[in-house]
Amino acid sequence: MNKLKTLCFIFLSSLVMGIGAYADSELEEIMDGMNDDYKLVGKALIKGANPADKQDYLAALQRIQEAMLKSKLMVPTLASTLGQEEKDKMVNDYRLEMIQAIIALLQVETDILKDDYIAAKASFGALKESKKRGHDAYQEEDE
Ligand code: HEM
């Protein structure tokens, strides 16, 4: 009987996880995809970047930038739950915030190209703040 219960549990869990994965929005997938690169650069700048890894940081920043350019034109899942007028306003404001994030990202890239890792750390702070503002305002609460 216990075995049957365990099997049922495994089956139902995988079903729920499967549905969850299927329900991920394209924006979520893009955001997830840039998370490792964001952490790589952020950790390096906070702990003390290694100039020998400069090309790795630049490659990671380029990938984040491409992901952000795509994200900029997307509609947050939260906006899709609103009426037309509120939705339009949210999409507009979301895009403005995404531009702020891209500007900060370009500044991090500029600083690293100039081998100024102290400035890059400060610029990364602006990116982090934009990310926080973006998530506070436009990311749905956990279901
Ligand atoms: C480089 C900085 C950023 C990183 C690394 C990042 C990462 C993430 C991650 C890991 C998620 C969760 C995905 C999931 O639930 O599977 C997420 C979701 C989200 N992020 Fe970001 N994010 C960044 C910047 C931003 C900015 C600047 C904005 C807004 C202007 C934003 C808006 C959102 C939204 C709206 C979602 C929910 C997705 C949806 O609505 O479908 N993010 N982000």
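Helices (H or I, at least four residues) and strands (E, at least two) are taken here as DSSP runs, numbered from the N terminus. On that basis L45 sits in helix 2. The model is a predicted one: local features need pLDDT of at least 70 and side-chain atom pairs count only at pLDDT 80 or more, while totals for chains, interfaces and linings use all residues. Residue numbers start from 1 along each chain as its sequence is written.

The protein chain holds 5 helices and 0 strands, so the run of elements from the N terminus on is simply α-α-α-α-α. A residue is called buried if 20 or more other C-beta atoms lie within 10 Å of its own, exposed if 12 or fewer, and partly exposed in between, with C-beta atoms placed from the backbone. By that count, 14% of the 143 residues of the protein chain are buried. Contacts are pairs of residues whose C-beta atoms, placed from the backbone, lie within 7 Å. Among the contacts in the protein chain with a separation of 6 or more, 65% are between residues 24 or more positions apart.

Next come the helix pairs. Axes are lines fitted to C-alpha atoms, for helices over the stretch in contact, and angles run from 0 to 180 degrees between N-to-C directions. Angles under 35 degrees count as roughly parallel, over 145 as roughly antiparallel, 65 to 115 as roughly perpendicular and the rest as oblique. A crossing is left-handed if the near helix is turned anticlockwise from the far one by less than a right angle, and right-handed if clockwise. For residue classes, Ala, Val, Leu, Ile, Met, Phe, Trp, Tyr, Cys and Pro are nonpolar, Asp, Glu, Lys and Arg are charged, and the others, Gly among them, are polar.

Helix 2 and helix 3 have axes that come within 9 Å and cross at roughly 150 degrees, which means helix 2 is roughly antiparallel to helix 3. Their crossing is left-handed. On the helix 2 side the contact includes L27, I30, M31, M34 and Y38, and on the helix 3 side it includes Y57, L61, I64 and A67. Sorted by class, this contact has 13 nonpolar, 2 polar and 3 charged residues.

Helix 3 (residues 54-72) packs against helix 4 at an angle of about 165 degrees, with the two axes 10 Å apart. Helix 3 is therefore roughly antiparallel to helix 4. This crossing, too, is left-handed. From helix 3, residues including Y57, L58, L61 and M68 meet a set in helix 4 that includes M98, I102, L105 and I112. The contact of helix 3 with helix 4 splits into 12 nonpolar, 2 polar and 4 charged residues.

Helix 4 (residues 84-113) also packs with helix 5 (residues 117-138), at an angle of about 165 degrees and with axes 8 Å apart. The pair is therefore roughly antiparallel, and helix 4 passes helix 5 in a left-handed crossing. Among the residues making the contact are M90, Y94, A104 and V108 of helix 4, and A120, F124, L127 and Y138 of helix 5. Here the classes come to 13 nonpolar, 5 polar and 4 charged.

What surrounds the ligand? The shell has 23 residues, of which S25, M31, Y38, T77 and G134 are the closest; a residue counts as near if its C-beta atom, placed from the backbone, lies within 6 Å of the molecule. Helix 2 (26-47), helix 4 and helix 5 each supply at least two residues of this shell. The largest share, 7 residues, comes from helix 2. Overall, the shell around the ligand has 11 nonpolar, 7 polar and 5 charged residues.

L45 is buried because 21 other C-beta atoms lie within 10 Å. Leaving aside neighbours within four places in sequence, L45 is in contact with Y117, A120, K121 and F124. The C-alpha atoms of L45 and A120 are 7.2 Å apart, although the two are 75 residues apart along the chain. L73, in the loop between helix 3 and helix 4, is exposed, with 9 other C-beta atoms within 10 Å. D115, in the loop between helix 4 and helix 5, is likewise exposed, with 11. D115 also has a positive phi of about 60 degrees although it is not a glycine.

Technical notes: Contact = placed C-beta atoms within 7 Å.
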